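I opened my notebook to look up a few spots in this model. I wanted to know what surrounds them.

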Amino acid sequence: MEKINWMEEVLKRKEDLIKDLQGILKIKSVLDEENSAPNAPLGQGVKDALQYLLDLGEKDGFTAKNVGNLAGHLEMGDGKDLLGILCHVDVVPEGDGWSVDPYGGEVKDGKIYSRGASDDKGPTMAAYYAMKIVKELGLPIEKRVRMIIGTDEESNWRCVEHYFKHEEMPSIGFAPDADFPIINAEKGIADYDIVLPFSVIEEQADITLLSFQSGRRYNMVPDFASAVLTFDGEKTDILQRYSDFLQKIGLKGKYFIDNGELHLELEGVSAHGMEPKNGKNAGLLLTTFLNELDLDTSSKRYIDFAVNFLFDQSRGEGLGVQYQDEITGDLTINVGKMLYEVNSGGRFGLNMRYPVTFDMEKNKKIINDKVNEKGFVIENFSDSKPHHVDANTDLVKTLQKVYEEQTGEKAELLSIGGGTYARSLKSGVAFGALFPGRPDVMHQKDEFMFIEDLIKATAIYAQAIFELAKNK
């Protein structure tokens with residue numbers, strides 16, 4: 001068979017690729033359970049993004065299937081074995097501070113901007129066009145190729161859980177939802193709440209914390225925090241102290257009095273929860289200021305715990321579970337959600353990413369004992385186990401070959417703290433689409449993907465699909 005110039009085939013379809021990507025980027029596919037419906041269990045926007053891709057695939061001649069409005073797939077080819085490509089169309093909330101429309105799909109300076117441009121709609125569309133190229137060229141393949149589309153990757157993975165209860169598990173596969181070259185090891189991910197039960201204020205204090213709020217998701221470093229306080233005495237001193245605090249930490253914030261209550265606000269820097277050090281946690285930073293005040297007994301317990309066990313302790317030092325291994329590196333803990341109400345108690349929402357050799361049962365007990373000692377309890381514990389695929393499998397070797405041929409660079413194997421759909425497969429890895437040296441802007445304001453990288457990734461995926469699906 002004549003050698004295929006995969007890049008040339010992608011460039012022939014470049015305009016359509018960008019146009020179809022812009023179409024799905026303009027859909028605000030953020031989890032919206034408050035407005036769920038029987039035919040849109042995770043919200044209308046999420047369903048619309050799923051349907052957009054299914055409709056596009058059906059138009060292009062793929063077999064399309066909607067699986068309970070939680071997931072779906074597009075399939076081509078025949079054969080006993082199934083190659084899976086696991087993607088997702090849901091996105092995290094856009095947050096604040098964008099310089100462009102977060103759902104505009106604007107192209108400028110060689111980049112396409114939008115929430116989801118790099119996580120995961122851009123890579124998803126690259127994989128889709130890769131399938132489309134293999135199909136349109138009529139290449140001989142011996143496996144069925146199926147793009148599996150999820151809608152809850154950024155939250156609870158109900159999509160793949162539902163999907164694989166009803167549909168076939170691929171024999172091999174990859175997820176275009178992380179970094180190139182190849183990620184064959186992923187940390188385990190545990191989400192849980194550390195809860196301070198409500199207790200009546202035991203004694204009056206000069207200052208009462210009425211409420212505290214920060215963060216939207218376990219897996220995002222919060223970029224905003226607010227506190228509301230009431231107190232007796234002169235307010236000018238605290239306002240000056242807060243102004244000095246903002247200057248000291250080099251971040252923006254606001255402070256004002258409304259109906260006799262003091263409102264404090266702080267702007268941090270958001271980042272993906274897999275590496276909390278890449279952001280500035282607005283909630284935890286604000287607790288360090290509140291900890292210097294003469295607070296009521298109940299809120300003091302909450303704030304003390306934040307400062308002494310969570311602030312600047314992203315490796316689990318405060319909870320007694322610091323750990324690392326050679327395969328996946330450090331355990332990390334992101335405090336993604338914080339909430340306190342004077343009449344209902346408080347909670348911290350933690351996202352813990354742990355190495356593949358970490359003993360979860362043993363360390364879960366350590367955490368539980370530590371928080372119980374301070375009057376807190378653990379609630380809502382969920383755990384996605386680590387994932388590791390041996391470097392000598394045909395899947396890994398084939399993807400290494402393709403990457404090296406397309407880029408001219410060595411395909412090193414990586415491990416990550418992020419969780420991709422690859423862990424849903426018995427034999428699957430994460431494969432792109434963030435190239436080495438490129439900034440990781442997933443979950444950040446002004447998220448983008450380089451057009452050049454979109455094109456290059458599509459060529460890599462097209463060759464990978466053909467190599468993995470052809471007869472060997």
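**Ground rules.** I am reading a predicted model, where local features need pLDDT of at least 70, side-chain atom pairs count only at pLDDT 80 or more, and totals for chains, interfaces and linings use all residues. Residues are numbered from 1 along each chain as its sequence is written, and side-chain values use heavy atoms, with hydrogens and water left out.

**Entry 1: Leu468.** I found Leu468 in helix H11, residues 451-469. Helices (H or I, at least four residues) and strands (E, at least two) are DSSP runs, numbered from the N terminus. Is Leu468 buried or exposed? Leu468 is buried, at 2% relative accessible area. Buried means under 20%, exposed over 50%, partly exposed in between (1.4 Å probe, protein chains only). I then listed its contacts (heavy atoms within 4.5 Å). Beyond its neighbours within four places in sequence, Leu468 touches Leu83, Lys143, Ile172, Phe174, Leu395, Thr398 and Leu399.

**Entry 2: strand E6.** I checked residues 144-150 next. In E6, 7 of the 7 residues are buried, so the strand is largely enclosed by the rest of the structure. In a regular strand the side chains alternate between the two faces of the sheet. I noted Arg144, Arg146, Ile148 and Gly150 on one side of E6, and Val145, Met147 and Ile149 on the other, all buried.

**Entry 3: partners.** Strands pair if DSSP finds at least two bridges between them. E2 (residues 71-76) pairs antiparallel with E6 over 6 bridges. There, Met76 stands opposite Val145. E3 (residues 82-88) runs parallel to E6, joined by 7 bridges. Here Leu82 stands opposite Arg144.
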